[in-house]
Amino acid sequence: RLHRWLYARVDPYAALINLARNRWLASRGRRRSALAARLAECDHLIIGGGQLLRDSRLAFPSKLATIVEVAESLGVTVSFFAVGVGSRWSALGRRYFRSALTRPNVRSIYCRDAQSARRLERNLPMLAGLVRNTCDAALGVVHEKETGREANIGLCVMSANAIRWTAPSHPLVDESAAIRFWTSLYDEIAKLGLPVRLFTNGAPEDQEFAEQVAAEIRRRNRQEELQCLSGRPRLPEELVDLVKSFSAIVAFRLHANIVAYTTGVGNVALAWDDKVEQFMKYTDQSDRFIAVNHDLDTLVARILAALKQGSEPVARETMALRVGQDLKQAIEEIA
């Protein structure tokens with residue numbers, strides 16, 4: 001329990017653990033052998049998804065440096081596809097990213113938004129010409145929207161700690177303030193007579209925090225048996241089914257907003273990381289991107305508008321086609 005507490009809250013401790021786990025331990029012994037055995041089965045390797053080029057207290061840079069290094073030793077070519085780029089890199093994180101991304105077996109790097117591409121070239125100017133722009137790979141799948149449901153709202157809760165790692169000055173890094181925000185928003189929507197339910201993307205820390213919010217909602221409403229929180233999705237398909245069950249959602253997490261887009265569910269994205277803002281811009285949804293310091297009346301009005309909007313089928317199909325074309329090009333470049 002002490003380790004978990006320190007790892008969640010003390011950045012230097014977490015960075016040391018990540019560095020040891022991903023570099024010192026993976027540089028020898030069974031872990032490296034297991035990695036080499038997996039890569040030996042491949043001719044080419046595509047590494048993709050998420051805010052992957054983010055320091056994350058040395059977790060990602062140290063891990064990627066090890067993977068690309070082992071791939072190079074085996075003659076395996078590498079492409080990075082649909083990766084996001086974080087805004088804050090430590091000196092050591094930049095060193096490991098440079099080690100991973102400038103090896104001769106890395107043939108292309110596709111960033112999932114224009115800002116990520118600019119940020120990567122600014123941090124590592126030697127990559128100019130290698131970096132390309134695409135969109136999030138999750139947009140490559142279009143899901144059928146469920147129809148005929150009663151209008152209902154999903155609130156996708158994100159832990160205060162997860163926000164703090166990226167946006168330490170955000171107003172909801174304070175856990176008490178975050179609980180007040182979500183409980184107040186829940187109550188305002190419930191007053192309108194709309195069914196409302198908390199849910200998460202599935203991250204354990206988010207689910208743990210959502211349980212605290214749910215407990216406070218039950219306490220304030222004096223209903224100990226109130227079912228206001230959905231179970232934790234453990235598979236991508238479970239998250240898709242969960243989002244499809246709502247008419248509209250409010251979410252910090254990028255991929256909750258992406259799933260809403262690909263299913264045609266209306267969404268309101270809350271500001272905390274510019275990756276969310278970039279997504280809402282290139283999918284023409286900037287009017288549904290909002291800061292939490294807006295008053296609740298404004299936020300609820302956006303939510304009610306989102307109930308009627310959703311995403312256009314043609315736009316979803318266009319994004320899916322783009323992902324497929326860019327991925328095909330990336331494969332051709334490393335083959």
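1. The model is predicted: local features need pLDDT of at least 70, side-chain atom pairs count only at pLDDT 80 or more, and totals for chains, interfaces and linings use all residues. Residues are numbered from 1 along each chain as its sequence is written, and side-chain values use heavy atoms, leaving out hydrogens and water.

2. The protein has 14 helices and 9 strands. These are DSSP runs, numbered from the N terminus: helices are H or I with at least four residues, strands are E with at least two. The radius of gyration is 21 Å, close to the 20 Å from the globule rule for 335 residues, so the protein is as compact as a globular protein of that length. The radius is taken over C-alpha atoms, and the rule is 2.2 Å times the number of residues to the power 0.38.

3. The C-alpha atoms fill a box of roughly 60 × 50 × 35 Å along the principal axes. Buried residues make up 50% of the 335 (buried means under 20% relative accessible area, with a 1.4 Å probe and protein chains only).

4. H10 (residues 236-244) and H11 (residues 254-263) pack at about 65 degrees, with axes 9 Å apart. Axes are lines fitted to C-alpha atoms over the stretch in contact, and angles run from 0 to 180 degrees between N-to-C directions.

5. Which residues of H10 meet H11? Leu239, Val240, Val243 and Lys244 do, against Val259, Ala260 and Thr263 in H11. Contact means heavy atoms within 4.5 Å.
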